[in-house]
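Thank you for making time for this today. I would like to walk through one structure with you slowly, so please keep the sequence and the 3D view open while I talk.

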Amino acid sequence: FCAGFPSCFLWFEPFKRLLAGILDDTRPMDNMRLHFDLPQEDELGTSLLSNGASYYLALYFMRSEPQLRYLISFDSAAAPPSVTDAQVTAARHAWSDAFLYYLRKLTLRAARQGKGGRGVGGCSDMPPRLLLKSPIHTARIP
């Protein structure tokens, strides 16, 4: 639910059961279970929050995929000639800002649900740990 509705999940999550009927029981491409509470890739939410400054934009514009590859690592050398260094930098900043904002929202959600972190001596006043599930992050490791 959080990945599909990154702008409003903190407000609308209590009402997600009203939206449950819009999803099929399985994904059409591989027949895997589909449900709002199953893990999703955080890059989906980040893509929405960054207004498409994500390689996942290629999911919507498949014919443009080669021109969008620079969004994997935000490397100017991988950008097509029509994309300037300034545009690559702007995309990197948009993605980074959206990613950090999304992680803060997910952390707040987990803390509200009582899923605090594990501190020294069992102290639970630390923020919860997030488990991120996007293979695309591998390309962004320097």
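**Salt bridges, core and surface**

Let me begin with charged side chains: Glu 13, Lys 16, Asp 37 and Arg 109 are linked in a network of salt bridges. Before I go further, please keep in mind that what you see is a predicted model, and that the values I quote are computed from it.

How many salt bridges does a search of the whole structure find? The search finds six, and I will go through some of them in turn. In the salt bridge between Arg 69 and Glu 65, where the N to O distance is 2.8 Å, the two partners fall into separate classes, since Arg 69 is partly exposed at 43%, whereas Glu 65 is buried at 17%.

Let me now step back to the chain as a whole. The protein chain has six helices and zero strands, so that reading from the N terminus on, the elements run α-α-α-α-α-α. Along its principal axes, the C-alpha trace spans about 50 × 40 × 25 Å. Of the 142 residues, 32% count as buried, and the accessible surface comes to about 9700 Å², with 60% of that area belonging to carbon and sulfur atoms. If we take the contacts with a separation of 6 or more, 50% of them are between residues 24 or more positions apart.

Next, the inside. In soluble globular proteins, nonpolar side chains tend to be buried together. In this model, the largest nonpolar core has 22 residues, and those with the most contacts inside it include Phe 9, Tyr 70, Leu 71, Phe 74 and Tyr 102. Helices α5, residues 70–73, and α6, residues 85–112, each supply at least two residues of this core, and the largest share, eight residues, comes from α6. If you select Phe 9 and set aside residues up to four places away in sequence, you will find that Phe 9 touches Phe 1, Cys 2, Tyr 102, Lys 105, Leu 106 and Arg 109; one of these, Arg 109, also belongs to the salt-bridge network with which I opened.

Is Ala 91, then, buried or exposed? Ala 91, which lies in helix α6, is buried, with a relative accessible area of 10%. Leaving aside neighbours within four places in sequence, Ala 91 is in contact with Ala 53, Leu 71 and Phe 74. Two of those names come back when we turn to Arg 140, in the segment after α6, for Arg 140 touches Glu 43, Tyr 55, Leu 71, Ile 72, Ser 73, Phe 74 and Trp 95, not counting residues up to four places away. Arg 140 is itself buried, with a relative accessible area of 18%.

What about the cysteines? The whole structure contains zero disulfides, and for Cys 2 the nearest cysteine sulfur, that of Cys 8, is 10.0 Å away.

Last, the surface. A nonpolar patch of about 710 Å² is made by Trp 11, Phe 12, Phe 15, Leu 18, Leu 19 and Ile 22. Helices α1, residues 9–12, and α2, residues 16–19, each supply at least two residues of this patch. Phe 12, which lies in α1, is partly exposed, with a relative accessible area of 44%.

How values were computed:
Residues are numbered from 1 along each chain as its sequence is written. This is a predicted model: local features need pLDDT of at least 70, side-chain atom pairs count only at pLDDT 80 or more; totals for chains, interfaces and linings use all residues. Side-chain values use heavy atoms; hydrogens and water are left out. A nonpolar core is a set of buried Ala, Val, Leu, Ile, Met, Phe, Trp, Tyr and Cys residues joined through side-chain atoms within 4.5 Å. Buried means under 20% relative accessible area, exposed over 50%, partly exposed in between (1.4 Å probe, protein chains only). Helices (H or I, at least four residues) and strands (E, at least two) are DSSP runs, numbered from the N terminus. Contact means heavy atoms within 4.5 Å. Patches are made of residues with over 30% relative accessible area and no salt bridge: like charges are joined within 9 Å, nonpolar side chains (Val, Leu, Ile, Met, Phe, Trp, Tyr) within 5 Å. Accessible areas come from the Shrake-Rupley method with a 1.4 Å probe; for residues, only the protein chains shown count as cover. A salt bridge is a side-chain nitrogen of Lys or Arg within 4 Å of a carboxyl oxygen of Asp or Glu. A disulfide is a pair of cysteine sulfur atoms within 2.5 Å.
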